[in-house]
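Colleague: Please take a close look at one part for me, the surroundings of the ligand. Then connect that part to the rest of the chain.

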Amino acid sequence: APILIWLRRDLRLADHPLLTEAVETGAPLIPVFLHDEVVEGQGAAPRFRLGLSVESLARDLERIGSKLVLRRGGALGCLRDLVRETGARAVWWSRAYDPEARARDAEVMKGLDAEGIETRDFEGHLLFEPESVETKTGGYYKVYTPYMKATRDRDPGEPLPAPARLPAPESWPESERLEDWDMGRGMNRGGAVVAKYCVVGERAARDRLDRFIAQRVEDYAIARDRPDIEGTSDLSENLTYGEISIRTCYRAALAAREAGAEGAEHFRKELVWREFAYHLLHHTPRLISRNWRAEWDRFPWSEDANSPEATAWKRGRTGMRFVDAAMREIYATGRMHNRARMIVGSYLTKHLMTHWKIGHDWFADCLIDWDPANNALGWQWIAGSGPDAAPYFRVYNPESQLAKFDPDGAYQRAWIAEGQESPPETALDFLAAAPRSWGLSAEMPYPDPIVDAGEGRARALDAYRARD
Ligand code: FAD
């Protein structure tokens, strides 16, 4: 009897423990992707980008004699139908760690188990399972550096090869059409601009990693902080949908380190930040939904997502060039440089005294590399409310940060059209993407700061002192 292979954030063929084991059984395999309640609940850009990934995987599966069956609806109901239609004896998937997906998976497991259908979840999304890393007293880690040290000498094993063929069933169950799902709905800006900046699929992800190791890893430790140059791997977009495995990236980092590449160790440590984020989210799911440290519940953050300040922030019209360039970059491309994420996060939660949740949710709607663990940890870290957080009183100055990390002004020119005689394509892409209701144009004057950098800092620090 066939095995249903339920694919979610593991949209690849290589280094896929579930696929390797499934092929070894010799049973016919039916790969399935569900547009279920979890996909439904995702933000617009992540869902749009997910659709591109599903399309790419479907093509790759056809090349090895298989297919991707698409169904839309509640996960348990869809899987029950498929079991009935195909006579499958088992449903297998790769493990997920965010609370929503975990709740869904638990329900599916219970429902199918009760009917005598075998269910199994596999490793593959992480280097080390969250509960396999423990402190000396048997607890979990709340701080990155000790976590990193605890995993430093662990061997995640070698990546597995992609299967040459997947055994097919005698007949395929019906599949819906991806086009009919309109996964770009909710993208007020349409998908065309963002799609220009996407690099999709397993082969492209592998090329990206190889190019990064060949050309950029050497200078990574310094170049990674500069939003005006291409200094990082850009792999987050691929890692989040599992188009490449974290183990493949980690192994490449170790090999580069062995070969003497300067920045390789730093790159390895950034990959471990992702592990740490999952470790923490697994042990404390509240990371995603509320202040990790409850004392922050008393802090007078504005929770109005449509306040004039939050609106100016989202639209890139705060009058702070670093912030505005970054907020335009995210809207047009679905990406934002890490340094810029820190600046816009600090500015929102400190200068604008606005709750990190509002930034978190906007990112979750805009990012093509949206990752439930990394996004939540990033926001709680920058806001100061997380377990291992930058202290709240560390307020980044967006003006001096811009002078330091965009010394020639290339980043701000790339995104801010106002005042430029012939703005570059990137800045025009943002204007093309921005909804008409925002009323933006290249001809309008660039705004004065809505909050002065010094005054905003002082106000935030006063509120912080008053909290205690
Ligand atoms: P590289 O520098 O090439 O790093 C390689 C990989 O390491 C990344 O792809 C990522 O998987 C991991 N990594 C690097 N830095 C971090 C970090 N600080 N935390 C966790 N993992 C890291 N990352 C996401 O993948 N998705 C998100 O939704 C996300 N939201 C963020 C929100 C905020 C407020 C902040 C401050 C950071 C966020 N990050 C997020 C982390 C980081 O900004 C991105 O992973 C990074 O910019 C991606 O670019 P890259 O792939 O070129 O990274």
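Modeller: First, a term. Ala, Val, Leu, Ile, Met, Phe, Trp, Tyr, Cys and Pro count as nonpolar; Asp, Glu, Lys and Arg count as charged; the others, Gly among them, count as polar. This is a predicted model.

Start with the shell around the ligand. By those classes, the shell has 11 nonpolar, 9 polar and 7 charged residues. There are 27 residues around the ligand. Of these, Thr232, Ser233, Ser236, Asn375 and Gly378 come nearest.

Next, the helices. Helix 11 (236–240) and helix 13 (264–283) each give the shell at least two residues.

Now the domains. The chain is divided into domain 1 (1–123), domain 2 (126–157 + 190–283) and domain 3 (294–467). Domain 2 and domain 3 each provide at least three residues of the shell around the ligand.

How does domain 1 meet domain 2? The C-alpha centres of domain 1 and domain 2 lie 25 Å apart. Their contact takes 18 residues from domain 1 and 19 residues from domain 2. On the domain 1 side, the touching residues are 8 nonpolar, 2 polar and 8 charged.

Stay at this end of the chain. A UniProt entry, unreviewed, lists residues 1–127 as "domain: Photolyase/cryptochrome alpha/beta". That span is 48% helix and 20% strand. The end C-alpha atoms of residues 1–127 lie 32 Å apart.

Ile5 has Pro31 of strand 2 as its bridge partner.

Note on methods:
Residues are numbered from 1 along each chain as its sequence is written. This is a predicted model: local features need pLDDT of at least 70, side-chain atom pairs count only at pLDDT 80 or more; totals for chains, interfaces and linings use all residues. A residue is near a molecule or strand if its C-beta atom, placed from the backbone, lies within 6 Å of it. Helices (H or I, at least four residues) and strands (E, at least two) are DSSP runs, numbered from the N terminus. Domain bounds come from an automatic or database domain assignment. Two residues are in contact if their C-beta atoms, placed from the backbone, lie within 7 Å. Two strands pair if DSSP finds at least two bridges between them. UniProt positions are given in the numbering used here, feature names are shortened, and annotations may be inferred rather than shown by experiment.
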